[in-house]
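Q: I would like a close look at one part of this model. Please keep the answer brisk and connected.

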Amino acid sequence: MALLPVTFGCYYLFRYSGLQAPGSDFEHYLLMVTIINLVLLCFNLLPIYPLDGGQILRALLWFAVGRSKSLLVASAIGVLGGVAMIGAAFYLQSIWFGVLAVFAIQRCWIGFKQSKILSSLEKLPRHAGYVCPECGQAPPMGNIWICACGTRFDTFATSAVCPGCGTRHEKTACPNCRKSSELERWKVAS
């Protein structure tokens, strides 16, 4: 986005400055760079989930429908966009456009799976007496934390001690905001 005004400005200044005759190779180069930047900007702003436009769509939807549903909706729109890109690839006879479409659909499928995981995480019962010091969310109950030894455990039920290897974990990561804090900071004053 930042390069488009710069390249267009350079093209405009060079074209109308009178430094060279119109139609020179350098003028043509500046025009092509400007067009490439414009096409990349427009392509990247398509509401297809792995692209920036899809990320923006997801962020805007997050406020209205929540974390997991926003990812689900952005992924669904991304699949539709990917299918349209496949159609465009056939029409334009472009294998690279087809490759981009397949990549977009694959990333959207991963987004679908992630939204299902987030949805199930949101439905878990929560620990009373604990909240994340960073985001204020109560942690879910269940064996969702994983020790370096591979053991899954509930860090709040075991006081941050792995039942598999006995390692005491100094910090606990929040499944909502992913920031880590000492377990003592999670406790709510009663």
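How do helix 1 and helix 2 run relative to each other, roughly parallel or roughly antiparallel?

A: First, the ground rules. This is a predicted model, in which local features need pLDDT of at least 70 and side-chain atom pairs count only at pLDDT 80 or more, while totals for chains, interfaces and linings use all residues. Residues are numbered from 1 along each chain as its sequence is written, and side-chain values use heavy atoms, with hydrogens and water left out.

Now the pair. Helix 1 and helix 2 are roughly antiparallel to each other. Their axes come within 9 Å and cross at roughly 155°. Helix 2 covers residues 25-44. Axes are lines fitted to C-alpha atoms, for helices over the stretch in contact, and angles run from 0 to 180 degrees between N-to-C directions. Angles over 145 degrees count as roughly antiparallel, under 35 as roughly parallel, 65 to 115 as roughly perpendicular and the rest as oblique. The crossing of helix 1 and helix 2 is left-handed. That label applies if the near helix is turned anticlockwise from the far one by less than a right angle; clockwise is right-handed.

Stay with helix 1. In helix 1, Leu4, Thr7, Tyr11 and Phe14 are buried. Seen down the axis, the buried residues of helix 1 fall within an arc of 115°, so they line one face. The arc is that of the directions from the helix axis to the C-beta atoms. On the other side of helix 1, Pro5, Leu13 and Tyr16 are exposed. Buried means under 20% relative accessible area, exposed over 50% and partly exposed in between, with a 1.4 Å probe and protein chains only.

Ile48 sits in the loop between helix 2 and helix 3 (52-65). Ile48 counts as buried, at 3% relative accessibility. From Ile48 back to Val33 is 15 residues along the chain, and their C-alpha atoms are separated by 24 Å.

A second pair can be set beside this one. The axes of helix 4 (residues 67-92) and helix 5 (residues 95-123) come within 8 Å and cross at roughly 165°. That makes helix 4 roughly antiparallel to helix 5. Helix 4 passes helix 5 in a left-handed crossing. The residues of this contact divide into 16 nonpolar, 9 polar and 2 charged. Nonpolar covers Ala, Val, Leu, Ile, Met, Phe, Trp, Tyr, Cys and Pro; charged covers Asp, Glu, Lys and Arg; the others, Gly among them, are polar.

Gln93 lies in the loop between helix 4 and helix 5. Phi of Gln93 is near 55°, a positive value in a residue other than glycine. Most residues other than glycine have a negative phi. Gln93 is exposed, with a relative accessible area of 73%.

Terms used: Helices (H or I, at least four residues) and strands (E, at least two) are DSSP runs, numbered from the N terminus.
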